Amino acid sequence: MLPSSIQISGEPLSGAEVRDICRGLRDNAVRLLSLRGCRLCDRDFGRICRALAGATSLAQLNLNLGVVSSPSRIKQLAEALRTNRSIQSLFLHGSPLTDAGLALLNPALALHPALVALDLGDCMLGDEAINLICGLLPPDGAKSGLKELTLSANPGITPKGWSRLAIAVAHSSQVRVLNLDYNPLGDHVAAMLAVAVASSRTLEVLDLEGTGLTNQSAQTLLDMVENYPTALRSLVLAENSISPELQQQICDLLSEGEEEEEVAGGAGDTQERERGREPAAHQRGSSSWMCPSDPSSQMVLMTSGLGDSLLAETEM
């Protein structure tokens, strides 16, 4: 039987359900496990962690919205991740990790051989956590690292922390998607991020929705897109004090760059990974402005905010 998925949202888990989950993990019958917002006792959480430690088919683990709710659970998850070798995407959005909790998780995250996507949005992180996260974005020629990082809604991170992250992104040879929405970044941090984008050869998607930007930031980003060739395909600027005219100019330039790449090299095949990212602190409506340069990049941004509709794709 091909690996499938287990998806439960916002429900209390019974003992029978926990046993079924553990059995599926031990039998390597689960590719995607999503328990977002579920309520379970510490004993059952520990049972699940022990089962996922040895699971070889599990590629995506979604424990969003408070499932990892205490230091003891953080330690249990860290122990499981030290043994697991298959998880590619880990979603902990809305978990009260704090810097101390991430310090407990970090050794397992740093040594995990398969992890490429990490959601730490709304996890009460600060600058100390950023120092650890930068270690997951190794510089060119080092080791493999994260390709997708979400740090939405962590207002405790200061401009000093964001500047350190910008430097790490600039030198990373891996990261492709960076979600920083609903953080109070402001124009100064946005300018540093523009330099990081201009330096990066891999960053394709940058989400700056609701980050306190003005036309000053938009002009800097416009100059960057206009004058420096980058890999950037999508830039989200909704819920900022930026004129529609500047937003459209940036969108047009990104679209032109994508069209030129397609003419030169042809459109390559893309493989979509299941997404478990949560909406950030604010609910996003249909009026949100985003700038995708092609349909595939639009799908990345739209589906990444739909934690309730994870897709259970099985490999044929």
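Where is the place of Asp 122 in the chain? In this predicted model, whose local features need pLDDT of at least 70 and whose side-chain atom pairs count only at pLDDT 80 or more, while totals for chains, interfaces and linings use all residues, Asp 122 has its place in the loop between β5 (117-119) and α5. Residues are numbered from 1 along each chain as its sequence is written, and side-chain values use heavy atoms, with hydrogens and water left out.

The protein chain contains ten helices and ten strands, these elements being DSSP runs numbered from the N terminus (helices, H or I, at least four residues; strands, E, at least two). Of its 316 residues, 54% count as buried, where buried means under 20% relative accessible area, exposed over 50% and partly exposed in between, for a 1.4 Å probe and protein chains only. Among contacts between residues at least 6 apart in sequence, 86% join residues at least 24 apart, a contact being defined by heavy atoms within 4.5 Å.

Two packed helices are described by the angle between their axes and the distance between the axes. In this description the axes are lines fitted to C-alpha atoms, for helices over the stretch in contact, and the angles run from 0 to 180 degrees between N-to-C directions. Helices α3 and α4 (residues 98-111) pack at an angle of about 5 degrees, with their axes 8 Å apart, and α3 is therefore roughly parallel to α4; angles under 35 degrees count as roughly parallel, over 145 as roughly antiparallel, 65 to 115 as roughly perpendicular and the rest as oblique. On the α3 side the contact involves Pro 71, Ile 74, Lys 75, Leu 77, Ala 78, Leu 81 and Arg 82, which meet Gly 101, Leu 104, Leu 105, Ala 108 and Leu 109 of α4. The residues of this contact of α3 with α4 divide into nine nonpolar, one polar and two charged, with Ala, Val, Leu, Ile, Met, Phe, Trp, Tyr, Cys and Pro counted as nonpolar, Asp, Glu, Lys and Arg as charged, and the others, Gly among them, as polar. In the loop between β3 (60-62) and α3 (71-83) is Ser 69, which is partly exposed at a relative accessible area of 39%. The C-alpha atoms of Ser 69 and Ser 95 are separated by 6.2 Å, although these residues are 26 residues apart along the chain.

By class, the contact of α5 with α6 has six nonpolar, two polar and three charged residues. For helix α6 (residues 159-171), the 13 residues at 1.5 Å a residue should span 18 Å, and the end C-alpha atoms are 19 Å apart, which agrees; the expected span is 1.5 Å times one less than the number of residues. The buried residues in α6 are Gly 161, Trp 162, Leu 165, Ala 166, Ala 168, Val 169 and Ala 170, and the buried residues of α6 pack against α5 (127-134), β6 (148-150), β7 (177-179) and α7 (186-199).

Several loop residues were also examined. Asp 122 has a phi near 55 degrees, a positive value in a residue other than glycine, and is partly exposed, with a relative accessible area of 37%. Tyr 182, in the loop between β7 and α7, likewise has a positive phi, of about 60 degrees, although it is not a glycine; at 12% relative accessibility, Tyr 182 counts as buried. Thr 211 is found in the loop between β8 (205-207) and α8 (215-227) and is buried, with a relative accessible area of 0%. Leaving aside its neighbours within four places in sequence, Thr 211 is in contact with Leu 180, Asp 181, Tyr 182, Asn 183, Pro 184, Leu 185, Gly 186 and Asn 240.

With regard to cysteines, the structure holds zero disulfides, a disulfide being a pair of cysteine sulfur atoms within 2.5 Å. Cys 41 counts as partly exposed at 41% relative accessibility, whereas Cys 251 is buried, with a relative accessible area of 12%.
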